[in-house]
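Visitor: I would like to go through this model with you, one question at a time. Please give the cut-offs behind each term as we meet it.

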Amino acid sequence: MTLSLAPDSRLRRALGSEHLAGWAFALPAVALIVIFGIVPIVWSAVMSFQANDLVSAPHWVGVANYRALLHDPAFAASVRHTLLYTVIFVPLSVAGAMLVAWALNRKLHGVRFYRLAVFVPVVTSTVATGIIFLWLLDPVFGLVNFFLSKLGIPAQGFLSNPNQALYCIVAMTIWGWLGFDVIIYLAALQGVPHELIEAAEIDGAGKWSSFRSVVLPFLRPATLFLVVWSTISALQLFDEIYVTTRGGPLGSTTVVVFYLYQQAFQFFNGGYAAAIAYVLFLAILVITIIQLKVGGRRIYSNT
Amino acid sequence: MATPTLIGADRPLDFEALPDKRPRHWPFSPWHLFLIPLSAAMLLPLVWSVITSLETSADAQRFPPVLLPSSLHFENYVHAWNSLPFGHFFLNSFLYAAATVAGNLLFCSLAAYAFARLRFFGSNLVFVLLLVTLMVPFQVVIIPTFLIVRKLGLIDSVGGLIVPNLCGVFGIFLLRQFFLSLPVQLEEAARIDGASRLAILFKIVLPLSAPVLATLAIIQFMWSWNDFLWPLIIITTPQHAPLQLGLSMFQGSHVTQWNLLMAGTVMSQIPMLAVFLFAQRWFIQSIAYTGIKQ
């Protein structure tokens with residue numbers, strides 16, 4: 001601000017200027033993020049080229065961890081389970097949420113109650129969700145088997161049946177996630193002009209096609225966001241698996257992050273676990289970029 | 001079109017775009033036929049866990065299940081509370097959540113203000129670097145973070161939960177976007193009057209940012225309160241466990257006592273549920289605004 005040309009003006013300008021203030025303000029945050037974010041990201045990359053038991057001194061093994069991953073049938077199985085889970089969970093939860101949000105976006109008797117019922121699982125913790133569903137789906141005493149028996153269907157193993165466990169996890173996580181997706185869609189529906197929504201509600205033939213051509217384009221950004229976000233979360237599934245099946249029965253629900261957890265903190269193969277983490281990171285990155293490219297093109301070509 | 005989730009934090013969500021239109025000759029809207037079973041399915045798990053939590057263990061282990069217990073056994077909650085240090089669990093979770101909320105509000109505000117308003121050496125580069133870390137999943141950093149926290153002597157302590165989570169990039173980004181939307185004239189006027197940067201941030205900018213600060217606080221509180229993986233990795237002693245890990249420990253020690261297990265589970269969810277029912281609007285607005293769950 002001053003126009004002084006004293007010999008020390010450069011220094012004074014530097015000290016009094018925004019450089020010093022900017023760094024003083026940003027430093028605590030930047031230091032924390034460097035220590036607990038950036039250093040671990042780099043360290044983890046280095047570790048993935050090491051044999052590291054988290055206790056003794058690590059040593060360099062080159063790409064051995066990555067090569068071992070290629071030939072590890074347990075890792076391949078965990079990738080298959082994760083992809084199967086993701087491919088079922090993402091479309092079901094996003095499409096289901098769109099339908100529910102459309103139903104809830106109107107003046108109805110009791111609509112506040114309906115919304116509450118859909119939103120409450122959002123604040124229920126993943127651990128509690130896991131324990132509650134373990135009980136609901138108990139093969140011997142479970143309430144769901146009781147309902148099935150009323151319909152004349154024999155008792156199912158559910159989470160203890162290797163052929164059903166992963167689908168039970170899908171159902172459980174949809175229950176936990178639906179409210180979140182619905183909130184996002186309800187918010188997106190606020191941006192659609194009322195006349196257009198009402199046009200899509202007019203009775204008669206072509207209701208679906210008018211919804212698709214009139215309302216859906218407005219929901220594309222929200223849909224893209226939810227597909228990307230749910231995919232990222234699905235690929236990182238862990239809590240619900242740990243609480244309910246611990247990867248069983250017969251390894252049928254061992255997903256990638258659960259396998260990573262076992263390798264790192266049960267078998268102490270730190271380097272191997274770091275390699276898994278980086279493969280997961282790369283997979284998430286590639287899948288996200290593809291989704292954004294495909295989805296983004298459709299958004300811009302349609303609106 | 002902007003990101004779908006950045007609806008204005010100041011705009012109330014009413015979610016009532018459509019009037020209740022029904023076909024002629026219908027006594028009620030056909031949407032009820034969809035919404036009633038849906039609500040039942042969504043509430044059933046919670047209702048059933050509350051019912052089981054009030055049954056005797058003999059009634060809980062019966063098939064067909066006892067749908068309506070003849071007497072209510074609230075003592076299950078006392079047994080659950082006494083069998084593991086639930087008091088510690090709640091306290092640890094509260095400390096974890098409160099400290100990370102306070103840390104994020106303070107450190108993110110300071111940094112966000114710097115990135116929004118001050119041109120300082122390297123600011124663009126540092127900001128981009130921070131954004132890059134936002135894309136990296138937690139699993140990538142978990143092992144080195146564990147080693148760093150162990151080096152700091154914070155393993156198996158609440159401090160070890162708090163310190164790595166004191167400041168998140170997400171909060172910096174959220175607040176920076178909001179600060180950029182504020183008119184700069186007020187700050188310039190205060191600057192001419194000789195106010196320091198710190199005074200401007202705390203006396204002018206932050207009071208105008210109450211909605212977004214509340215959003216960050218709610219999201220961070222929910223995230224810390226429900227966090228499971230990080231506590232699972234660093235905490236081994238029950239006295240130091242936060243609630244979700246404690247609940248999982250409780251599950252491990254009461255595998256077949258479903259009535260007690262449900263009492264512990266219900267108990268553990270009550271505070272968050274109560275806060276949600278009390279401040280539902282704020283929760284929903286925060287989630288819609290940021291698009292983040294846990």
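Guide: Asp156(B) is buried, with a relative accessible area of 16%, where buried means under 20% relative accessible area, exposed over 50% and partly exposed in between (1.4 Å probe, protein chains only). This is a predicted model, in which local features need pLDDT of at least 70 and side-chain atom pairs count only at pLDDT 80 or more, while totals for chains, interfaces and linings use all residues. Residues are numbered from 1 along each chain as its sequence is written, chains are lettered from A and ligands numbered from 1 in the order in which they are written, and side-chain values use heavy atoms, with hydrogens and water left out.

Visitor: What is the phi of Asp156(B)?

Guide: Asp156(B) lies in the loop between helix H6 (138-151) and helix H7 (158-162) of chain B; helices (H or I, at least four residues) and strands (E, at least two) are DSSP runs numbered from the N terminus. Most residues other than glycine have a negative phi. For Asp156(B), phi is positive, near 60°.

Visitor: Is Phe268(A) buried, partly exposed or exposed?

Guide: Phe268(A) sits in the loop between H12 and helix H13 (270-302) of chain A, and its phi is also a positive value, near 55°. Its relative accessibility is 41%, so Phe268(A) counts as partly exposed.

Visitor: What is omega for the cis peptide bond that joins Phe63(B) and Pro64(B)?

Guide: Pro64(B) is found in the loop between helix H2 (57-60) and helix H3 (75-83) of chain B. For the cis bond joining Phe63(B) and Pro64(B), omega is about 0°.

Visitor: Which three residues supply 9% of the area that chain A buries against chain B?

Guide: In chain A, 103 residues are in contact (heavy atoms within 4.5 Å) with 108 residues of chain B. The buried area, that is, the accessible area (1.4 Å probe) that two parts lose on being put together, summed over both, is about 10000 Å² between these chains, with 77% from carbon and sulfur atoms. The three residues supplying 9% of chain A's part, more than any other three, are Phe25(A), Phe36(A) and Trp135(A).

Visitor: Which residue of chain B forms a salt bridge with Glu18(A)?

Guide: A salt bridge requires a side-chain nitrogen of Lys or Arg within 4 Å of a carboxyl oxygen of Asp or Glu, and the count between chain A and chain B is 1. In the pair that includes Glu18(A), the closest N and O atoms are 3.1 Å apart, and the partner is Arg197(B).

Visitor: How far apart do the C-alpha centres of domain 1 and domain 2 of chain A lie?

Guide: The domain assignment, whose bounds come from an automatic or database source, gives domain 1 (9-64) and domain 2 (72-302) in chain A. The two domains bury about 640 Å² between them, 65% of it on carbon and sulfur atoms, and the count of salt bridges between them is 0. Their C-alpha centres lie apart by 35 Å.
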